[in-house]
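Biologist: I am new to this model and would like to learn how to read it. Could you walk me through it, one feature at a time?

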Amino acid sequence: MIQDIAPHTFINHYDPLKRPASDSPVMIFEGGSVFTDGLDFPRFGQLGLSEEEVTYLFSVDQTDYFLADTVPEKLPEGFQFTGVRSMRRRHAARKDHIFAAITGLQLSRWYNDNRFCGTCGTPTVHDTAERAIRCPHCGRVIYPRIVPAVIVGVTHGDELLVTKYRTGITFYALIAGFTEIGETLEQTVEREVMEEVGLHVKNIRYYKSQPWGIVDDILAGFYCDVDGDTSIRLDRSELKLAEWKKREDIELQPDDFSLTNEMMLRFMQGREPA
């Protein structure tokens, strides 16, 4: 999956005392795009920024990554803004860089969206002890937003329910959806399956989780068995297709980045949790 970047190690311990070296990579974002030369990020020494104009994000192995607080007026040649989503398709061999870009985008959005306190409107400051944003006036503390969602492998004997979204990605996926207020993750599984394909489920069992910073998610993967009628009643506002596929007929996604793809693969191999 996207976070499985071994032999590299992702280190997200917050350290406000980190200072950039001349060759430290710096991420610059505009919307959902990051400034790269195709894959690598510009170095601190290329940008003419002061140390006060960048924020430490995280490290991969011994490399410290920083965020430019604003887009510099002069940008080095040979780089351009590239959609973070498109990096997944174009540079599958460099998971460590893609994962860094996705996680950097998540933190960049969080910093940008919380420049002012939502309670009193005062400009906020970065906390000096933990990864948080504080209001110096009313004391409000803001942590990075993480949104829980589920990925669901619905099974019926040797068949798996696969879907295709109405818009966006074109390859096969699984039932998915966000957890609502007051729900457990298991209740989210039951509701999403019923809403999207009109099926009851039972024997819900947890498999694995995945961070997905493009949309601030933490994805929780579950398998479950259909309970009773297997007739699909499709929610066409969400999906354009849902069908039962036998193990040998499942079509995987084009890369191994997603929890969805791993869950489909494990079902194909008969290795889903019982």
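Biologist: Which helices and strands each supply at least two residues of the lining of the largest pocket?

Modeller: First, a word on the model itself. It is predicted, so local features need pLDDT of at least 70 and side-chain atom pairs count only at pLDDT 80 or more, while totals for chains, interfaces and linings use all residues. Residues are numbered from 1 along each chain as its sequence is written, and side-chain values use heavy atoms, with hydrogens and water left out.

Modeller: Now the general idea. Rolling a probe the size of a water molecule over the atoms shows where empty space is left. On a 1 Å grid over the protein atoms alone, a pocket is an open set of points where a 1.4 Å probe fits, with protein on both sides within 12 Å along at least five of seven lines; lining residues have an atom within 4 Å of a point. Helices (H or I, at least four residues) and strands (E, at least two) are DSSP runs, numbered from the N terminus. In this structure the elements you ask about are the helices α2 (84–90), α4 and α5 (259–268), together with the strands β11 (147–156), β13 (175–178), β14 (201–212) and β15 (217–226).

Biologist: What volume does the largest pocket have, and which residues lie nearest its centre?

Modeller: A volume is the space filled by probe spheres set on the grid points, which are joined across faces, edges and corners. Here that comes to about 920 Å³. The lining has 34 residues, with Arg-85, Tyr-165, Ile-169, Trp-212 and Val-215 nearest the centre. By class, 16 are nonpolar, eight polar and 10 charged. In this scheme Ala, Val, Leu, Ile, Met, Phe, Trp, Tyr, Cys and Pro count as nonpolar, Asp, Glu, Lys and Arg as charged, and the others, Gly among them, as polar.

Biologist: And what about the second largest pocket: which residues are closest to its centre?

Modeller: That pocket has a volume of about 480 Å³. It is lined by 20 residues, and Asp-69, Ser-108, Tyr-111, Asn-112 and Arg-115 are the closest to its centre. Two or more lining residues come from each of β3 (29–30), β6 (63–68) and α3 (95–113). Helix α3 gives the most, with five residues. The lining has seven nonpolar, eight polar and five charged residues.

Biologist: Is Glu-192 buried or exposed?

Modeller: Buried means under 20% relative accessible area, exposed over 50%, and partly exposed in between (1.4 Å probe, protein chains only). Glu-192, in helix α4 (residues 185–197), has 7% relative accessibility and therefore counts as buried. Contact means heavy atoms within 4.5 Å. Leaving aside neighbours within four places in sequence, Glu-192 is in contact with Ile-175, Ala-176, Gly-177 and Phe-178.

Biologist: Where does Ile-2 lie, and which residues does Ile-2 touch?

Modeller: Ile-2 is in the segment before β1 (10–11), and is buried at a relative accessible area of 2%. Not counting residues up to four places away in sequence, Ile-2 touches Lys-95, Ile-98, Phe-99, Ile-102, Gln-210, Pro-211, Trp-212 and Phe-257.

Biologist: How many aromatic pairs does the structure hold?

Modeller: Rings of Phe, Tyr and Trp (its six-membered ring) pair if their centres lie within 6.5 Å; planes under 30 degrees apart count as stacked, over 60 as edge-to-face and the rest as tilted. This structure holds 10 such pairs. Tyr-56 and Phe-66 have ring centres 5.6 Å apart and planes at 65°, so they are edge-to-face. Because Tyr-56 is in strand β5 (residues 54–60) and Phe-66 in strand β6, their pair ties together parts 10 residues apart in sequence. Ring pairs also link Phe-10, Phe-41, Phe-58, Tyr-65 and Phe-99 into a cluster.

Biologist: How many residues of α5 are buried?

Modeller: Eight of the 10 residues of α5 are buried, which leaves the helix mostly covered. Among them are Leu-259, Met-263 and Phe-267. The buried residues of α5 pack against β11, β12 (159–165), β14 and β15. Just after α5, Gly-270 takes a positive phi of about 70°.
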